[in-house]
Amino acid sequence: MLAHSYDFHTHSTASDGTLAPEVLIEKACAAGVKLLALTDHDTMKGYQALVKSGYSADLKLITGVELTCKLEKQVVHIVGLNIDADNERLTSHLQMLDQLRMDRAKAIALRLQKAGLPDLLEAAIDCAAGGQIGRPHFARALLDLKLVSDQQQAFKKYLGAGKKGDVKVEWPELASIIDIIKDAGGLSILAHPTKYNLTMNKIRYLVAHYSELGGDALEVGYPAVTPDHQKALSVLVEKHQLLASGGSDFHNPAYHWTSLGCFPGVPGHLPHVLDVVN
Ligand code: AMP
Ligand code: MN
Ligand code: MN
Ligand code: MN
């Protein structure tokens with residue numbers, strides 16, 4: 001896993017990460033990152049808090065967000081980079097997502113309760129501590145109550161695909177997300193394409209659609225990607241004349257499989273998001 005001077009995919013306490021934005025920036029600096037995007041799930045409140053506090057750091061911070069959406073029934077994540085945080089469409093979209101995620105959290109709590117678990121809503125809200133709430137906060141609540149041994153087990157038993165706590169909601173359509181990011185002057189990146197449990201044929205279909213809808217880039221460098229995946233994704237980047245991006249998807253210093261600025265590199269022959277945002 002190579003250390004890079006950029007990282008375009010990270011999470012803070014504004015969503016399901018465990019480091020406060022200012023701590024994350026400090027650690028990124030210490031890891032040698034010079035160009036960083038904070039890409040919390042469905043919120044830019046981490047970035048906004050940093051700006052409000054008048055932060056200063058020995059790196060360049062670019063705006064970012066990781067937006068949850070769906071194509072047909074498949075949930076996918078789109079990282080938006082270099083977006084105008086004050087863009088009206090984007091701002092009202094993020095407000096809508098605050099509500100959607102809180103409603104979903106209530107539904108998750110109910111479903112888990114019906115499955116025999118205690119009511120975890122308050123505990124999950126506490127874990128989110130004002131950040132955008134998601135399934136990882138239920139995982140932490142389950143862990144605090146010693147009902148699971150770690151976050152992975154919480155997903156395996158209760159929160160992962162097809163489990164009781166995997167409550168389906170009407171996530172926005174991929175097309176509208178690409179449009180909102182464009183409207184806010186940003187670049188869209190289809191995050192971690194091999195992490196949706198899709199066959200390579202389905203990934204090809206997803207990327208073709210994504211490209212037709214005006215998507216800009218594919219994430220090609222991320223911790224779980226294998227050399228074979230990377231080859232296949234690189235072919236798709238070239239075929240659809242996209243850009244390639246990379247990031248650690250950092251959430252938590254205790255996760256030994258991710259650290260800031262560390263991820264498999266983007267193959268050098270591909271056009272890189274770095275050349276566009278730098
Ligand atoms: P949500 O956005 O609420 O649907 O939660 C998705 C987040 O949960 C992802 O961004 C990951 O951080 C985390 N996650 C998803 N699957 C797993 C898993 N199997 N084990 C641990 N964490 C997971
Ligand atoms: Mn996450
Ligand atoms: Mn993601
Ligand atoms: Mn992420």
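A salt bridge here is a side-chain nitrogen of Lys or Arg within 4 Å of a carboxyl oxygen of Asp or Glu. Hi everyone, let me start with one such pair: Asp166 forms a salt bridge with Arg135, and their closest N and O atoms are 3.6 Å apart. Asp166 sits in the loop between helix 6 and helix 7, while Arg135 belongs to helix 5, so the pair ties together parts that are 31 residues apart in sequence.

A quick word on what we are looking at. This is a predicted model, where local features need pLDDT of at least 70 and side-chain atom pairs count only at pLDDT 80 or more, while totals for chains, interfaces and linings use all residues. Residues are numbered from 1 along each chain as its sequence is written, chains are lettered from A and ligands numbered from 1 in the order in which they are written, and side-chain values use heavy atoms, with hydrogens and water left out. Helices (H or I, at least four residues) and strands (E, at least two) are DSSP runs, numbered from the N terminus.

Back to our pair. Is Asp166 buried or exposed? Asp166 is buried, at a relative accessible area of 13%, whereas Arg135 counts as partly exposed at 23%. For those words, buried means under 20% relative accessible area, exposed over 50%, and partly exposed in between, with a 1.4 Å probe and protein chains only.

By this rule there are ten salt bridges. Asp58 pairs with Lys34, with closest N and O atoms 3.9 Å apart. Asp58 is in the loop between helix 2 (45–52) and strand 4 (60–62), and Lys34 in the loop between helix 1 and strand 3 (35–37), 24 residues apart. Asp58 is exposed, at 58% relative accessible area, and Lys34 is partly exposed at 45%. Then there is Asp183 with Arg89, at 4.0 Å between the closest N and O atoms. Asp183 lies in helix 7 (residues 174–183) and Arg89 in helix 3, so this pair ties together parts that are 94 residues apart in sequence. Asp183 is partly exposed at 42%, and Arg89 is partly exposed at 35%.

Now, the metals. Which residues hold the manganese ion (ligand 2)? Asp16 (OD), His41 (NE2) and His251 (NE2) coordinate the ion at 2.1 to 2.2 Å. Donors are N, O and S atoms within 2.8 Å of the metal (3.2 Å for Na, K and Ca), and water is not among the atoms, so sites may look incomplete. Along the sequence, the spacing for ligand 2 reads D-x24-H-x209-H. Asp16 comes from the loop between strand 2 (6–7) and helix 1 (21–30), and His251 from the loop between strand 9 (243–246) and strand 10 (262–263), so the pair ties together parts 235 residues apart in sequence. Both Asp16 and His251 are buried.

Thr258 is buried, at 7% relative accessible area.

The manganese ion (ligand 3) has Glu66 (OE), His77 (ND1) and His192 (NE2) as protein donors, at 2.1 to 2.2 Å. Their spacing along the chain is E-x10-H-x114-H. His77 lies in strand 6 and His192 in the loop between strand 7 (187–190) and helix 8, so the pair ties together parts 115 residues apart in sequence. His77 is buried at 18%, and His192 is buried at 7%. The largest pocket holds about 1,600 Å³ of space, a volume being the space filled by probe spheres set on the points, which are joined across faces, edges and corners. Of its 46 lining residues, the closest to the centre are His77, Arg135, Phe155, His192 and Lys195. Helix 6 gives the most to this lining, with four residues.

Terms used. 1 Å grid on protein atoms, 1.4 Å probe; cavity = no way out; pocket = protein on both sides within 12 Å on 5 of 7 lines; lining within 4 Å.
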